[in-house]
Amino acid sequence: MMFSEQDFIQQNQCCVHVEWAMGRLDGKVALITGIASGIGRSAVELFLAESAQVFGVDRNEAAGQALAETLDAAGRFHFFAADLAEETACRRAVEQCCETYGRIDILYNNAGVAIIEPFPSTDAEMLERVMAVNFKSVFYLCQQAIPKMQQQGGGVVINTASELAIVAQPLYAAYCASKGAVLSLTRALALEYARDHIRINALCPGPIATPMLQGEFDQAVDPIQAKAEGIATMPIGRLGDPAEIAQVALFLASDAPVLMHGAAIVVDGGKTII
Ligand code: NAD
């Protein structure tokens, strides 16, 4: 006996109904961090194109304002300048998002910093900075946003980890630790809030052509050689594009992946399968 897709959905008491037209985030409010550059900037453009209202946060006020001026978002984009290394800034960002748009449906924790340093010379200040931006901001923003999502009856959290939460690389001990912490936090929270209709997942990009990655190449003795070596690690023969990460963030933010809770989504052109 053949089963239709409808039979399967009914038997599994599943209520998936996905509109794959433009406007996949219609009516949704997304708080996105680290929007002034790279992946965050691409995500702003894509989420706006899919009809979301976007509350963008970045510590780079000039670049954030400049982005706001280039977007033709008709009131659907609000820029908030804040250094998310501060707990109070995380609280204010969520409060301001809810004051501006009345709710928060999607929290996309994207802001991050890279640190390339031999382990012995990674001092307390460097460690504190990378943990504060990459991990603690994610912790505090989730702490502020999740109760609001509970009150609203659900929501989506996307936490940016990295391929380096899963595999390792010399000179990246502090960065790897910060991203590993993001992944563990994501799993813990996904479990805690699964019954509240809050989907919490981690996005793990591989090497993506952004100012962050270029900055890492530029620290090498020979940046051109460093970039060539970076590309050589990619089975696809090129670096990733920020828009390719934004597309996966859009999928996670949409209503489609109803069964995804606590997943580590690796988007790396195959780098970590070698
Ligand atoms: P990017 O440097 O191009 O952009 C990061 C943005 O975050 C910048 O606009 C910066 O101003 C902002 N930011 C940094 N610290 C902040 C703070 N304290 N408060 C508020 N804003 C802050 O970087 P990107 O490559 O687009 O990276 C985005 C995320 O993806 C980061 O979390 C990064 O760790 C992660 N990631 C990137 C790669 C890659 O190869 N590019 C790979 C894996 C993971």
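A residue counts as buried when its relative accessible area is under 20%. The views below come from a predicted model.

**View 1. Ser-178 is a buried residue of helix α6**. Helix α6 runs over residues 173-193, and Ser-178 lies in it. The relative accessibility of Ser-178 is 0%, so the residue counts as buried. When neighbours within four places in sequence are left aside, Ser-178 is in contact with Val-130, Met-131, Asn-134 and Phe-135.

**View 2. The largest pocket has a volume of about 1,200 Å³**. Its lining consists of 49 residues. Nearest the centre of this pocket lie Ala-114, Thr-210, Met-212, Leu-213 and Glu-216. Sorted by class, the lining of the largest pocket holds 25 nonpolar, 15 polar and nine charged residues.

**View 3. Several helices supply residues to the lining of the largest pocket**. At least two lining residues come from each of α2 (38-49), α5 (124-152), α6, α7 (211-218) and α8 (223-232). Helix α7 gives the most to this lining, with five residues.

**View 4. The second largest pocket holds about 310 Å³ of space**. This pocket is lined by 15 residues, and the closest to its centre are Gly-154, Gly-155, His-197, Arg-199 and Asp-255. By class, the lining of the second largest pocket divides into five nonpolar, five polar and five charged residues.

Key:
Residues numbered from 1 in each chain as written. Predicted model: local features only at pLDDT ≥ 70, side-chain atom pairs only at ≥ 80, totals over all residues. Heavy atoms only, no water. Helix = DSSP H or I, 4+ residues; strand = E, 2+ residues; numbered from the N terminus. Buried < 20%, exposed > 50% of the residue type's maximum accessible area, 1.4 Å probe, protein only. Contact = heavy atoms within 4.5 Å. 1 Å grid on protein atoms, 1.4 Å probe; cavity = no way out; pocket = protein on both sides within 12 Å on 5 of 7 lines; lining within 4 Å. Points joined across faces, edges and corners; volume = space filled by probe spheres on them. Nonpolar A, V, L, I, M, F, W, Y, C, P; charged D, E, K, R; others polar.
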